[in-house]
Each structure stands twice: as structure tokens, then as C-alpha cells.
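Here is a short briefing on a protein model. Look through the sequence and the structure first, then read the points below.

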Amino acid sequence: DDQTVESMRVMAGVRAELAAAGTTFEQSFVSNPLCCPSRATLYTGQYTHNHGVIGNRPPEGGYGRLDKSEWLPVWLQRAGYHTVHIGKFMNRYGQDSLPTEVPPGWNEWYTSVDPSTYRFLFYELNENGVVTTYPTYSTDEYSQRAVDAVRRLAPSPQPFFLSLAFLAPHSGSPRETDDPAGFVTPMPAPRHRDAFASEPLPESPAFDEADVSDKPSFIRRRPRFTAERVAAIAENYRQELESLLAVDEGVARVVQALRDSGELEDTLIVFTSDNGFFHGEHRVPYGKVMVYEPSIRVPLIMRGPGVPAGQRRRQLVTNADLAPTILAATGARPAGRVPDGRSLFPLLRDRGLAWGRDLLVEGAPGIEAVAYGAVRNDRYVYAEHDNGERELYDLRLDPDQLQNAIGEPDYEAVEAALAERLTKLLD
């Protein structure tokens, strides 16, 4: 949850067990860089405007907004799969619904109930209709439950689908933070506290961007950072890295459980995040939602049958592709929805295959941002905000998105073509 591509460097277990034995997609993006819409896309294969979950809370979003009568777990059940979910689910689960609700398609349901989801300790889990409070560190609890599920289900001839969702490196409850600078930070496992206490904050050319005169008004309004603000951003970053160490251990434990059970080579594993996160780029101290690369780009690693080992792919992919990929792997068929994504297996088979595809990114209204629609292709990102402001970046020449090219004569034709393409994608 909120994991950046950059932070993958601290996850030695994931790199060894998944990346070295599988394929890393280097240009993986989310169709909406916000928790609930992104997760709705994961389970439907649809863009935001088709599944209808635009934000994290009513009326435009939240758990209650999604029609769950036809979605991935239901399709997998029909194909004969035993389905299990462990951990965080969609925002406002337990608030827009009864905390005991088990949505359609799940045989086993061990899911955190909001708002307790954001406590790393003393959170509530709905265990198949019974809500219980747990004092254990949530990452370790979810990992153990996943290991137990693998050991329990592996001997059966029935195939299983396991959805495992950690909270880290998302921020936790305010009472769990030890950051005096005012940020609400994630809570690392006690054994990992201060593991990165002296880690420098990576500062790209976009960090605390000096000239934002070309940016939309919601960026222009942002002040330059004080020294105290920079220190807070750095502390949050360090605690994010520390919180990921337990996730890394948990993923390695699940892979080992699959290996011990003899199921590893018959299991497709997909590792990803719901969105990226800002650490000071473009004067944004923390958060996501916006169309800039730190927010919309996410890790994506796959391992399993049909996935070549130790490979990397440069083609553009989106989280709308994950449900179609899982359907292709399992033989399940969608009903009641038309996925917008496509299976990634053709890209896995042919590293030179070029789909020439433009990706759609849709942004929900944020605290200081406005809703937008955007196109991301191999070279450009073009965005139209609901307040009429627009952005265009030539990522080949300006990878840090420092110079908005809207209105520049050299980009007039590109701007027009992308505007037309965006209109079609939004329809």
C-alpha cells in the first residue's frame, strides 16, 4: 500500500524469490493513483469510469460504491477456485457496510475493518463473519495467516487464489508514530526500528521544485520546504523503508511455504502496489493522487508458469491488466463486465512485442488537487484537469516533469493528438 518503485531496493527477499525467478515490469502504472479506485481496478480489470469507484469515500467512491456481484473472486469461484483474502481491502470496508459482511466470491475472509485497518497494532479482523481484535503486528499476522492458508490448501486437488494485502508502507495510526515533526508515519516492526535511521532521502531534480510557474494552480500555491519539513519527509521515508522489511520477510515466507508444499512451480505470483507516493517531488511532501510519475508508477513483478526467470520488460502496462492476466492463467471467464486491460502473457512470451498502447490515468479530487484525465504513453504524459488547466511533459527529454510543454509551438501537434486520444479513452 503506497509502495514506490524506488523502495524495492530494500526488499532483498522479493528480489531473490520473485524478481530473480520471474519478470519485472519496469513501466507499470496504475489507472487511478488512489487506494480504493486502484483496488477496484485490480479486482475488475476496468478503468475508474467503468467500475465507478472514483475516490476513497462516498459519494464518489469507497467500498460501497463497487458492484461486487461480478468481479474477479466470483469469476475464479465459478472456475473452481477456492478464494481467500487476508489483510486490508477497500477503503471504508466496515463503515459503508456491516463489519461482519463477507462480499460475494470469497470462501475465506480475514479482512481488516476500517478505521482500525490503519492501526498496526490492535486492529479488528473480520474472520468469516466474526470480528476479533488482534494485538500482534499486522504485517506479521497477515504473513502467518497466508503461510497457514498455503499449508492447509496445498494438499487439496482444488486450486486456490490467495489475495494478501499488507498495510505497510502506508502511514499508520497517529498514536503509533514516533515522528515529532508532525507526519503520521508507518510503524515498523520493533525488530526493524531505526534500521534506516541514517538513510539519506533521495532528492531528484523535482524535489522542492524551484520554479513551478508552469504548473497548475494547486502546485503553484505550494510553498518551498523549510528545513523542518525536509526532515519530516526524510523521517517518513525512512520509516516506510523500515516497515517494508517485515513485508519482505512475509513474502519470502509465503514463497517458501509454496515451495515446501510442492506448489511453487504451479503458482502464479503477482507482486504490486495500489499507487506510488510523493517524497517532496514538485513541492508535494507526501501523498499520491496527482498525475506525476512518483504517484502513478508502481512495482510489478510476476513469477510462475509462463513467466520467464530473471527477465525485465519495458512495455507499458497498467493495473487494469492484472485481472485479465489472472483470468488467462486460470481459465476463468469474466461475466457482467468487460475488462479494459489485457493479459500480460503475450508480453512475457515476446519481449519485443509492441502494443503501441496509450494508458489512461484518472485522478479523483484531492485535498489540494482537482480531478483529471490523462494519457501516458512511451514518451508523453498529457493531462486535462477539471478546472481547465492542462499539462504536457516530454518524458524522453524531461523525465522529472519539470517543464510543462502546453502551448509550446514545437508540441502543438502532439498536444492536439493526445487531447483527441484522451477524449476517446475517457469514453
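The points below go from helix packing and cores to the sheet, and then to single residues.

This is a predicted model: local features need pLDDT of at least 70, side-chain atom pairs count only at pLDDT 80 or more, and totals for chains, interfaces and linings use all residues. Residues are numbered from 1 along each chain as its sequence is written, and side-chain values use heavy atoms, with hydrogens and water left out. Helices (H or I, at least four residues) and strands (E, at least two) are DSSP runs, numbered from the N terminus.

**Helix packing**

- Helix α1 (residues 12–19) packs on helix α7 (residues 227–260) at an angle of about 30°. Their axes are 7 Å apart. Axes are lines fitted to C-alpha atoms, for helices over the stretch in contact, and angles run from 0 to 180 degrees between N-to-C directions.
- The crossing of α1 past α7 is left-handed. That term applies if the near helix is turned anticlockwise from the far one by less than a right angle.
- From α1, the residues Ala12, Gly13, Val14, Glu17 and Leu18 meet Asp248, Val251, Val255, Gln256 and Arg259 of α7. Contact means heavy atoms within 4.5 Å.
- By class, five nonpolar, two polar and three charged residues make up the contact of α1 with α7. Ala, Val, Leu, Ile, Met, Phe, Trp, Tyr, Cys and Pro count as nonpolar, Asp, Glu, Lys and Arg as charged, and the others, Gly among them, as polar.

**Nonpolar cores**

- A nonpolar core is a set of buried Ala, Val, Leu, Ile, Met, Phe, Trp, Tyr and Cys residues joined through side-chain atoms within 4.5 Å. Buried means under 20% relative accessible area, exposed over 50%, and partly exposed in between (1.4 Å probe, protein chains only).
- The largest nonpolar core has 50 residues. Met11, Val14, Leu18, Val251 and Phe271 have the most contacts inside it.
- At least two residues of this core come from each of α1, β3 (82–87), β5 (123–127), α5 (138–153), α7 and β8 (269–272).
- Helix α7 gives the largest share of this core, 14 residues.
- A second, separate core has 33 residues, including Val212, Val375, Ala383 and Ala405.
- Beyond its neighbours within four places in sequence, valine 251 is in contact with Val14, Leu18, Phe166 and Phe271.

**The four-stranded sheet**

- Four strands form an open sheet in the order β12-β13-β14-β15, with antiparallel pairing. Two strands pair if DSSP finds at least two bridges between them.
- The edge strands, β12 (359–363) and β15 (390–394), each pair on one side only.
- On average, neighbouring strands of this sheet are turned by 15° against each other, direction ignored.
- Strands β12 and β13 are antiparallel and joined by five bridges. Glycine 363 has tyrosine 372 in β13 as its bridge partner.
- Five bridges also link β14 (residues 380–385) with β15, again antiparallel. Valine 381 stands opposite tyrosine 393 in β15.
- Five of the five residues of β12 are buried. Leu359, Val361 and Gly363 point one way from β12, and Leu360 and Glu362 point the other way.
- Helix α11 (residues 412–425) lies across β12, β13 (372–376), β14 and β15. This helix runs at about 65° to β14.

**Leucine 167**

- Leucine 167 lies in the loop between β7 (160–165) and α6 (217–220).
- Is leucine 167 buried or exposed? Leucine 167 counts as buried because its relative accessible area is 1%.
- Leaving aside neighbours within four places in sequence, leucine 167 is in contact with Asp1, Thr117, Tyr118 and Phe120.

**Backbone exceptions**

- Most residues other than glycine have a negative phi, and most peptide bonds are trans.
- The peptide bond from proline 58 to proline 59 is cis, with omega near 5°. Proline 59 is in the loop between α3 (48–51) and α4 (72–78).
- Another cis bond runs from aspartate 114 to proline 115, with omega near 5°. Proline 115 is in the loop between β4 (108–112) and β5.
- Phenylalanine 122 has a positive phi, near 60°. This phenylalanine is in the loop between β4 and β5, and is partly exposed, at 44% relative accessible area.
- Histidine 282 has a positive phi of about 55°. This histidine is in the loop between β8 and α8 (293–296), and is buried, at 1% relative accessibility.
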